[in-house]
Amino acid sequence: MVLRLKEVMPKLIGPAQASFIPGRLSTDNIVIVQEAVHSMRRKKGRKGWMLLKLDLEKAYDRVKWDFLEDTLRVAGLPDSWIRWTMQCVSGPSMSLLWNGEKTEAFTPSRGLRQGDPLSPYLFVMCLERLCHLIEMSVDCKEWKPISLSRGGPKLSHICFADDLILFAEASVAQVQVIRKVLERFCVASGQKVSLEKSKIFFSDNVHRDLAKLISDASGIQSTRELGKYLGMPILHKRINKDTYGEILERMSSRLAGWKGRFLSFAGRLTLTKSVIASLPVHSMSTILLPKSTIDKIDRVSRSFLWGSNPQKRKQHLVAWKRVCLPKREGGLGIRSSLAMNKALLAKVGWRILQDKTSLWARVLRSKYKVGDVHDKSWLKAKTTWSSTWKSIGTGLQEVVSLGLSWVIGDGRDIRFWVDKWLLDKPLLELVTGPLPVGYEERRVCDLWRRGTGWEFSQILPYVSENLKLRFTAVVLDEVTGAKDRLSWAGNADGNFTVKSAYVLLTRDSSPKQSMERFFDHIWRVMAPERVRCFLWLAANQVIMTNMERARRHLSDTGLCSVCRSGEETIIHVLRDCPAMAGVWRRIVPPRRLQSFFAKSLLEWFFTNLCEEAAGDGCSWSTLFAVAVWWAWKWRCGDIFGGMSRFRDRVRFIKDLAQEVFIANKAVIGESRTAVREVRLIAWKPPSAGWTKINTDGASRGNPGLATAGGLLRDEGGNWICGFALNIGICSAPMAELWGVYYGLYIAWEKGITRVELEVDSEIVVGFLTTGISENHPLSFLVRLCYGFLSRDWIVRVSHVYREANRLADGLANYAFTLSLGFHFLDGSPPIVSSLLFDDMNGSAYPRNVRV
């Protein structure tokens, strides 16, 4: 019931309510309130404004059931739904414990159970009745709303569940109107406004005498500090280091010193990630925190990670900048607070570019004159900007502008040379010579001719011939009339995510040696997390051996404290020290001993962590990792004491490694290993009266040289016609979609009315059956395919395995030998005749299929 109700909530609930509605966020209301307070602080003139922050007493517990039932009926829900809902709400009975004895059960007449997944949606629907009353009062000219800008949307109220904010002109008459509306709602619904906990905030041009009269008439105390709204401080003045000091206090309490003393490095890493990923994120979503606050957040995090506290500072073995790198690049995957803050603000910036209808977006667009993305004048900072908009502007300028790209439609908005639309960079960066004056402002549609395609005579003089193959894979939408659309280049699907924005911000494009495979093997080895963390420290060569201590001026000697015969480097402790070398000689097979002891540290790690050969009941990489970990443990035990003696260290390591391996297999083995069976796959002819289309695409490089092919066959498996398409350069999914498009085009032109379309790409079948985001780079081509699917005929789209699509695959590969463009095939080319014969005879081929 909840899932079905959730789908219709956006149609039932107005724009002022932001809670529990798909697509609406708490940040929407936070932005509106911050902007309203900012405008009220700067308000001048005769007419003042007031903001009422209302508190509803025990809002869920006071909802009358008869009011709820009437609300559901007014919303137009079916009688059966209303009956089911009221049974869920009014079914339970309750009893009290009085002097230790249970009283008789009784059925209440009001209240929604908190924790019930249905309750929030029901409460929001009930509160929508108040929104309707307010809107009726505004329409009748009784309630006078405020507008933050000339021509901007009128603000009378916003809600987030039971958090209610009201706006109106500051006058006693308006307070009386507000009281009348609230009293009418409260009588009907059972709600009650807590006057003691509610507040009124006035704009700066409201006289103190008027403010007192309004406060007395309403019974609500006026204030100059509204405190918090939805967990965010409402900004009344410039941000300073104390504004968000509470974040640091909460982080410090979560990362308390005593926790650091009882957690390993791996435990502290996990807790640090958890705290950074949760506590500051809400505050960072709408405001750029002061640099001092950001620095303190990072300082608290890194101090806890390395075990420091106010009483004792520990060595920070790896630079924080490196710690914040992704694991595959040699870091620990902890996110930099500043980059994360900007990425979260970029989300608000991206949403405002995409959203022109919601209340919060209309408020900002009107107040700050948000214009076209090509005209950046509206992003030039002004002294009149609020702190919230300055922060959003930072996200737009420093993040969104880097990842902005376009999906082609009619080509009227995209600048051909300057915007990113064909590649991941503007074509202007690839020109081979200077462009004529005025060329940079030319739109894509200016270089396209209907019926003939691209005007290569005006393009190729300025770019390489190789780019021509890119253009041939893209067309303007002359059929559906779709507009050009913004897309996010940081994700393959064109949708913005904070994660992709963070990656874009922190990406280091400078040339350097790739260590991804090396660190991947460290973090994927089947071993406890503390062992993997130790391997990471060793790989960064920061373990506190005597040589490292001497380098940091913490020791006078670098000699090994165990053998006293050599410098205590990392490789010496873990492998070459006689105390450990004897253990390795018993573990490592004799044929590998020479190479095992000859490698450098990183080469030694990489070679042994890559090897998955099983032995002694576990993989070699697990055995190696456990042995390396205990080599260090034993070294520390020999120096500092406290280590118990082991009768047989080799046996101990092997038993422990086997135990670790078995435990990991039990936890993750079943989820990684899918049940498979061998099945015979064959092409099947269509049902009687139907025509089957098989299409396929191929790309050598993805993206690379690409082709597509397909054919139509009747119920007897006979060839009707086919095609081969040499596309140019594009990705494999695009090639598959071009195959689908031309297959449908040919079938429609031949007047076929019942079609079975088979494709061996699950991605493409998903695009055609469940839809695709308008931001997706392939949406222009999917839209063209939809143009055929929506016509007056029956098309069944299904996925088949490649073994049942061999003929279409053969035609796609055949297209590589043909010239660029479309080739219609009346008959089967000799090169694929054997495949056609096999399909007609029902030849089947084995495939290992997941059950």
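Modeller: Two strands pair if DSSP finds at least two bridges between them. Strands themselves are DSSP runs of E with at least two residues, while helices are runs of H or I with at least four, and both are numbered from the N terminus. This is a predicted model, so to speak of local features we need pLDDT of at least 70 and for side-chain atom pairs pLDDT 80 or more, whereas totals for chains, interfaces and linings use all residues. Residues are numbered from 1 along each chain as its sequence is written, and side-chain values use heavy atoms, with hydrogens and water left out.

Biologist: Thanks! How many helices and strands does the chain come to?

Modeller: The count is 33 helices and 25 strands. The C-alpha atoms fill a box of roughly 95 × 85 × 75 Å along the principal axes.

Biologist: How do I read a sheet, and what is the order of the six strands in the open sheet?

Modeller: In general, strands of a sheet pair through backbone hydrogen bonds, either parallel or antiparallel. Here the order is β23-β22-β19-β20-β21-β24, and the pairing is mixed. At the edges sit β23 (794-799) and β24 (821-825), each pairing on one side only. Neighbouring strands are turned by 15° against each other on average, direction ignored; such angles run from 0 to 180 degrees between N-to-C directions, with axes fitted as lines to C-alpha atoms (for helices, over the stretch in contact).

Biologist: Which strands pair with β19?

Modeller: On one side, β19 runs parallel to β22 (residues 754-759), joined by five bridges; Asn 694, for instance, has Glu 758 in β22 as its bridge partner.

Biologist: On to charges: how many salt bridges does a search of the whole structure find?

Modeller: Side chains of opposite charge can pair when their charged atoms come close. The criterion is a side-chain nitrogen of Lys or Arg within 4 Å of a carboxyl oxygen of Asp or Glu, and the search finds 40. One of them joins Arg 713 and Asp 839, whose closest N and O atoms are 3.0 Å apart. Arg 713 lies in β20 and Asp 839 in helix α33 (residues 833-840), so the pair ties together parts that are 126 residues apart in sequence. Both residues are buried.

Biologist: What about Arg 532 and Glu 529?

Modeller: They meet at 2.9 Å, N to O. The two are separated by about one helical turn because they are three residues apart in helix α21 (residues 529-539). Arg 532 counts as buried at 15% relative accessibility, and Glu 529 as partly exposed at 28%. There is also a network of salt bridges linking Asp 696, Asp 760, Arg 802 and Asp 809.

Biologist: Which side chain does the side chain of Ser 366 contact?

Modeller: A polar contact is a pair of N or O atoms within 3.5 Å; within protein, one must be able to donate a hydrogen and the other to accept it, and residues adjacent in sequence count only if both atoms are side-chain atoms. Ser 366 makes such a contact with the side chain of Ser 149 at 2.5 Å. Ser 366 lies in helix α15 (residues 359-367) and is buried, at 14% relative accessibility.

Key. Buried means under 20% relative accessible area, exposed over 50%, partly exposed in between (1.4 Å probe, protein chains only).
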